[in-house]
Amino acid sequence: MSDNQKRILDMLAAGMITADEAQKLLTAIGSGESETRASAGPKRDAKYLRVTILPNPEAAGEEDVKRVNVRVPLTLIRAGIKFSSLIPADASDQVNEALKEKGINFDVRNIKPEDLEELIMALHDLEVDVQDGKEKVHVYVE
Amino acid sequence: MNCPPLLLRLDIARNECPRHTVLWLPIFLAWLILAAIFLALAPLILIMALVALPFGWAKTVLLFIPLVGNCICNLHGLEVNIEKKESVLFLSFK
């Protein structure tokens, strides 16, 4: 099992994504990995990650309705990922413990730029929707 | 390395006010000030890295500012749009 597959399962266990979304991500990562092996470069030139938070239509009518639309350049995310290489080993352990306390079983030392590329490749073909009672979060690359 | 964003566009709209405020902020001035501060602090950072070497934090101290600079240089195209019931805020790095 690859790190990415394990991470998706962790997200599923933490309730961050639904079983359907986990299945889509796993399928996409499987195809993404095979495509990565087949071709050196990405098949499309994605530049931005778009995150939208919309109020849930079922919860409409609440007083403080907020809509958020964020466009993040992928180059900025790649630059941010490089920060993880600066975290000393003892600090990584503390971060991991803090995440575990919050119910997220994730090792920050596993964050690598190559994994991000795979995730971006996977996001080319699918969009992630997370819906709770009040809001709907939509993540995709463009 | 990319050129850092030179301007920040800030749009603010309020329902009670019919006017739509658009601000173009020259953030390149902030980068110039930050660069000057970094140059002034460079010897101090070097000393801090030497002090932090036995604790394993030297790499973190030395590379932190270059990585922050790298993030700043990649801010081009970042857009944030927040709509609330009474106001709308739009922020874009140009």
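**A bent helix and a two-chain interface**

Helix H1 of chain B, which covers residues 28-52, bends by about 50 degrees at B:Ala42, and a proline, B:Pro43, follows within four residues. The structure described here is a predicted model, and in it 19 residues of chain A are in contact with 21 residues of chain B. The points below take up the side of chain A that touches chain B, the strands that join the chains, and one helix from each chain.

**Where the chains meet**
- Strand E2 (67-73) and helix H3 (74-81) of chain A each supply at least two residues of the side of chain A that touches chain B, and E2(A) gives the most to that side, with 7 residues.
- The residues on the side of chain A that touches chain B divide into 11 nonpolar, 3 polar and 5 charged.

**Strands that join the chains**
- E2(A) is joined by 5 bridges to strand E3 of chain B, residues 79-83, and the two strands run antiparallel.
- Within this pairing, A:Val70 stands opposite B:Val80, a residue of E3(B).

**Helices of the two chains**
- Helix H5 of chain A, residues 113-124, has 12 residues and reaches 17 Å from its first C-alpha to its last, which is close to the 16 Å expected at 1.5 Å a residue.
- H5(A) contains buried residues, including A:Met121, A:Ala122 and A:Leu123.

Technical notes:
Residues numbered from 1 in each chain as written. Chains lettered and ligands numbered in written order. Predicted model: local features only at pLDDT ≥ 70, side-chain atom pairs only at ≥ 80, totals over all residues. Contact = placed C-beta atoms within 7 Å. Nonpolar A, V, L, I, M, F, W, Y, C, P; charged D, E, K, R; others polar. Pairing = 2+ DSSP bridges. Expected span 1.5 Å × (residues − 1). Buried ≥ 20, exposed ≤ 12 C-beta atoms within 10 Å, placed from the backbone. Bend = angle between axes of the 7 residues up to and from the residue.
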